[in-house]
Amino acid sequence: MSTMYLICAVIGGSVFVIQFLLTLIGIGGEAFDFESDLPDDLDLPDDADLSATAHGSTWLFGVLSFKTVVAAFAFFGIAGLAAEAANIGSAASLVVAIIFGLAAMYVVHWVMLFIYRLGVDGTTKIADAVGLSAKVYVPIPGENLGQGKIQMKLNDQIVEYAAMTAESEKLSTGTPVRVIRVIDDSTLEVARLSA
C-alpha cells in the first residue's frame, strides 16, 4: 500500500503544483474546461449553461474535473502515507486516505467555483430596466424637454440612469416611476406610477 500511496502523492502532487504554477502565470488556466472545447459554430441557445454546477445527475458529477481529480490523488497519497507512518493499520490507512482524497476534491471544487464567480460579468444591461419601478433622483422636466435622473435596483445593484418623460408635468425628486422604454444606451423614458 505504501507504494500506491507514494505514487499517488508524487504524481498527483507534481501535477497539482505544476497546474497551480501555470495558472498563477496565466497559462493553461482553462485548458481542461469543457466549454473551451466546444466548436465555435455549435448552435446553442444564448442562455445555455454549460458549467459543472448545471449538471442534473448527482453532486459527484458536478464536482469531477481534471483539477479536482488531481487534488484527490495527491491528498489520497499524502494522507495514506501519513496514516501508515502513524501505524494505524492498512484498512484504517485506506479509509483515511479515501476521506482526505474526497475532501480535497470537494474543497478544490468549491475554491474553483468561488474563483469562477469572481470573474462573472456583473454588468447591468439597460434593456433589463424596462417595466421596473424606480424613483426620481434629479427632477425630470415634462414633455421631453430635458433629462433628469432616476435610481433603481437592477440585477441586485442600485443604478442611476438619465431619464426623460412625455408627461405634461415635471416629475419631482422622490416620485415613483416605471420605466417605459430605452431611449438610447444611457437614457430611459419613464412615466409616473399611478397610485
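**Aromatic pairs and their setting**

Modeller: F76 has a relative accessibility of 14% and therefore counts as buried; the term covers relative accessible areas under 20%, while exposed means over 50% and partly exposed lies in between, with a 1.4 Å probe and protein chains only. Y5, at 0%, is likewise buried. The model is predicted: local features require pLDDT of at least 70 and side-chain atom pairs pLDDT 80 or more, whereas totals for chains, interfaces and linings use all residues. Residues are numbered from 1 along each chain as its sequence is written, and side-chain values use heavy atoms, without hydrogens or water.

Rings of Phe, Tyr and Trp (its six-membered ring) form a pair if their centres lie within 6.5 Å; planes under 30 degrees apart are stacked, over 60 edge-to-face, and the rest tilted. On this rule there are 3 aromatic pairs. One of them joins Y5 and F76: the ring centres are 5.5 Å apart and the planes stand at 65°, so the arrangement is edge-to-face. Because Y5 belongs to helix α1 (residues 2–24) and F76 to helix α3 (residues 66–85), this pair ties together parts 71 residues apart in sequence. Helices here are DSSP runs (H or I, at least four residues) and strands are E runs of at least two, both numbered from the N terminus.

Y106 and W110 form another edge-to-face pair, since their centres are 5.8 Å apart and their planes meet at 75°. Both residues sit in helix α4, 4 residues apart, and so are separated by about one helical turn. In general, an α-helix has 3.6 residues a turn, so residues three or four places apart point the same way. Y106 is partly exposed, at 37%, and W110 is also partly exposed, at 39%.

Helix α4 itself spans residues 90–118, 29 residues in total. From first C-alpha to last it reaches 42 Å, close to the expected 42 Å, a figure given by 1.5 Å times one less than the number of residues. Its buried residues include A104, M105, V108 and H109.

Of its 195 residues, 28% are buried.
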